[in-house]
2 protein chains.
Amino acid sequence: MPSSPSPLAHLLGCRYPIVAGGMAWCSGAKLAAAVSAAGGLGLIGGASMDADLFRRHIRKARQLTSRPVGVNIPLTFHQAEALAAVAIDEAVPIVFTSAGSPRRFTPEFKARGIKVFHVAPSPALACKCEAAGVDGVVVEGFEAGGHNAHEELTTLVLVPQVVDAVNIPVLAAGGIGDGRQMAAALALGADGVQIGTRFAMTQESSAHPAFKEYCAAAGSDCTRLVLKKNIPVRMMANRLRDRIEAAEAAGADREELLAILGRGRPEAGMFRGEIEEGMLEIGQVAGMLHDLPPVAAVFDRLLSEYEATRRALPKI
Amino acid sequence: MPSSPSPLAHLLGCRYPIVAGGMAWCSGAKLAAAVSAAGGLGLIGGASMDADLFRRHIRKARQLTSRPVGVNIPLTFHQAEALAAVAIDEAVPIVFTSAGSPRRFTPEFKARGIKVFHVAPSPALACKCEAAGVDGVVVEGFEAGGHNAHEELTTLVLVPQVVDAVNIPVLAAGGIGDGRQMAAALALGADGVQIGTRFAMTQESSAHPAFKEYCAAAGSDCTRLVLKKNIPVRMMANRLRDRIEAAEAAGADREELLAILGRGRPEAGMFRGEIEEGMLEIGQVAGMLHDLPPVAAVFDRLLSEYEATRRALPKI
């Protein structure tokens with residue numbers, strides 16, 4: 001165990017350079033606080049909350065842990081403005097923004113001493129984030145669950161390009177579920193990792209138990225990136241995804257796909273446990289995760305696997 | 001520098017656990033011999049050769065280097081049988097097979113003392129390869145150029161699953177163009193790497209200079225996996241790919257896509273340098289490679305970057 005945290009961990013205000021992604025329907029106060037208590041940085045996922053609920057989760061997390069807890073605000077969300085106001089009002093120490101311009105809120109957050117990370121799926125966008133004055137970027141590869149980028153760059157190919165392109169800290173995301181994958185991410189030059197799926201599949205995740213169990217039982221080939229004509233989304237196999245894929249194969253346009261989706265599918269799938277008709281957003285790494293441990297156990301494993309991997313990396 | 005090669009390198013008959021993929025239109029005797037001379041294992045790519053040409057390249061490689069050189073035989077190729085007979089007749093030391101059943105030729109090769117590796121894009125197929133008696137598997141992720149798997153598992157997610165599933169050596173492939181990516185692959189548990197794109201983009205590659213220069217000039221977002229209704233192929237952006245993607249978006253079926261492809265597109269693009277109308281098969285990592293060095297320089301970089309990465313991997 002090191003005597004002091006890494007520069008990135010110091011910036012994040014935690015012990016290990018491990019962030020739990022702020023995921024819609026999974027990342028409530030309970031998960032975020034458990035991650036921060038374990039030595040990482042937990043994020044409350046604003047995408048599935050209105051301003052009042054967001055505020056309640058921020059306050060609840062503070063009751064659950066004395067360590068810093070951050071938030072995620074997707075900028076395309078219609079309530080982004082209201083969530084940003086809550087984050088400022090509650091003096092949240094760090095905000096992760098995604099899907100939208102990094103210039104939108106960064107100056108305001110920075111002026112109030114709030115650190116800002118933005119999610120970038122390409123080297124070009126990472127450079128724009130740096131120019132916008134963010135403290136760091138999350139670079140998320142094709143493997144990642146939920147909303148994804150049109151570029152389809154995988155974490156292995158994307159991370160080194162971003163590391164070479166910017167001079168700010170880089171968190172690798174997408175496909176990181178164990179300590180070997182975390183070591184791979186750091187070998188690629190990332191300063192730390194943002195982990196989603198592994199934390200969505202914990203006891204503290206607020207996702208519905210039926211969704212979590214469905215993920216734990218899924219095989220290697222369980223997810224696919226679909227809806228590429230709209231905003232690409234990686235989701236678990238189920239009847240809804242079958243219909244989407246069949247429509248896409250037949251040449252369905254944006255409007256037809258939106259009609260299939262209707263409204264409220266992510267909540268139905270991930271929060272209410274409607275396995276076949278809900279939208280089940282999860283990363284490709286779910287196919288190799290077959291249990292639902294507590295967050296503390298995830299940290300124990302990540303750290304011990306990471307260190308074993310680091311020591312075993314051979315001279316060639 | 002280690003005093004003795006790794007167990008995998010020993011099995012491959014070379015110094016470093018680095019194999020150059022046997023790529024159609026790129027991997028002639030010149031490239032394969034240069035890789036073996038530099039301490040890796042070079043493969044002659046049988047997919048673009050008839051039996052006579054294949055034999056000439058095997059013999060020419062022997063004139064160029066005293067180190068072992070292997071071959072790649074795609075089992076779906078209509079001349080696979082004839083190429084296998086040449087490999088046996090010429091007593092090639094090691095054969096890499098792909099795209100088809102690993103049981104087809106493995107017993108015959110093994111009976112004659114020829115080592116066999118088979119390409120597997122999923123843990124399930126890797127297990128079948130092991131059961132078929134191969135000496136090792138190449139696990140190739142979504143990032144890889146040319147023909148690819150329907151599963152779309154990325155190297156980061158695929159390699160650990162295969163490492164956990166089999167007890168034979170595992171070569172990671174797809175997205176490995178520099179020493180950081182090589183270190184990432186070994187962190188994931190691979191015993192070595194198979195590298196395609198980086199060697200396709202060398203002076204010794206037999207690809208047309210116009211194709212190589214087009215790849216070196218390409219940006220981050222240059223490749224896409226298309227033809228998923230047929231056999232998925234990762235290819236570089238050009239007019240041909242635009243037509244394929246437009247047809248796919250409109251719901252074109254297999255037959256319509258085959259009509260767009262016609263015949264001889266890979267040769268036209270990669271060997272004759274018809275940049276806009278040929279099929280330009282290359283991996284996603286091409287987007288971060290911007291030069292065409294000699295093979296020896298690629299090895300120098302891979303090895304020094306790998307070692308620097310290994311030493312710098314932090315305790316956390």
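## Strands S5 and S6 of chain A

A:Phe117 has A:Gly136 in S6(A) as its bridge partner. S5(A) and S6(A) run parallel and are joined by four bridges. Strands count as paired when DSSP finds at least two bridges between them. Helices (H or I, at least four residues) and strands (E, at least two) are DSSP runs, numbered from the N terminus. This is a predicted model, in which local features need pLDDT of at least 70, side-chain atom pairs count only at pLDDT 80 or more, and totals for chains, interfaces and linings use all residues. Residues are numbered from 1 along each chain as its sequence is written, while chains are lettered from A and ligands numbered from 1 in the order in which they are written.

S6(A) is mostly covered, with five of its five residues buried. Buried means 20 or more other C-beta atoms within 10 Å of the residue's own; exposed means 12 or fewer, and partly exposed lies in between, with C-beta atoms placed from the backbone. A:Gly136, A:Val138 and A:Glu140 point one way from S6(A). A:Val137 and A:Val139 point the other way, and all are buried.

## The barrel

Chain A holds a closed barrel of eight strands, in the order S1-S2-S3-S4-S5-S6-S8-S9, with parallel pairing. On average, neighbouring strands of this sheet are turned by 25° against each other, direction ignored. Axes are lines fitted to C-alpha atoms, for helices over the stretch in contact, and angles run from 0 to 180 degrees between N-to-C directions.

One of the pairs is S2 (residues 41-45) with S3 (residues 69-74) of chain A, parallel over four bridges. Here A:Leu43 has A:Gly70 in S3(A) as its bridge partner. Helix H7 (residues 155-165) of chain A lies across S5 (115-120), S6 (136-140) and S8 (170-173) of chain A. H7(A) runs at about 175° to S8(A).

## Around A:Thr223

A:Thr223 lies in strand S10 (residues 223-226) of chain A. It counts as buried because it has 29 C-beta neighbours inside 10 Å. A:Arg234 is 11 residues away along the chain, yet the two C-alpha atoms are separated by 6.4 Å.

Contact means C-beta atoms, placed from the backbone, within 7 Å. Leaving aside neighbours within four places in sequence, A:Thr223 has contacts that include A:Arg234, A:Met235 and A:Met236. A:Ile282, A:Gly283 and A:Gln284 are also among them.

## Helix packing

H3 (residues 51-64) and H4 (residues 80-89) of chain A pack at about 30°, with axes 9 Å apart. H3(A) and H4(A) are therefore roughly parallel. Angles under 35 degrees count as roughly parallel, over 145 as roughly antiparallel, 65 to 115 as roughly perpendicular and the rest as oblique. A:Ala51, A:Phe54 and A:Arg55 of H3(A) meet A:Ala82, A:Leu83 and A:Val86 of H4(A).

In chain B, H6 (residues 123-131) and H7(B) pack at about 35°, with axes 9 Å apart. B:Pro123, B:Ala126 and B:Cys127 of H6(B) make the contact with B:Gln161, B:Val162 and B:Ala165 of H7(B).

## The contact between chains

Chain B gives 44 residues to the contact and chain A gives 45 residues. H7 (155-165), H8 (179-187) and H14 (295-312) of chain B each supply at least two residues of the side that touches chain A. The largest share of that side, six residues, comes from H8(B).

Note on methods: Contact = placed C-beta atoms within 7 Å.
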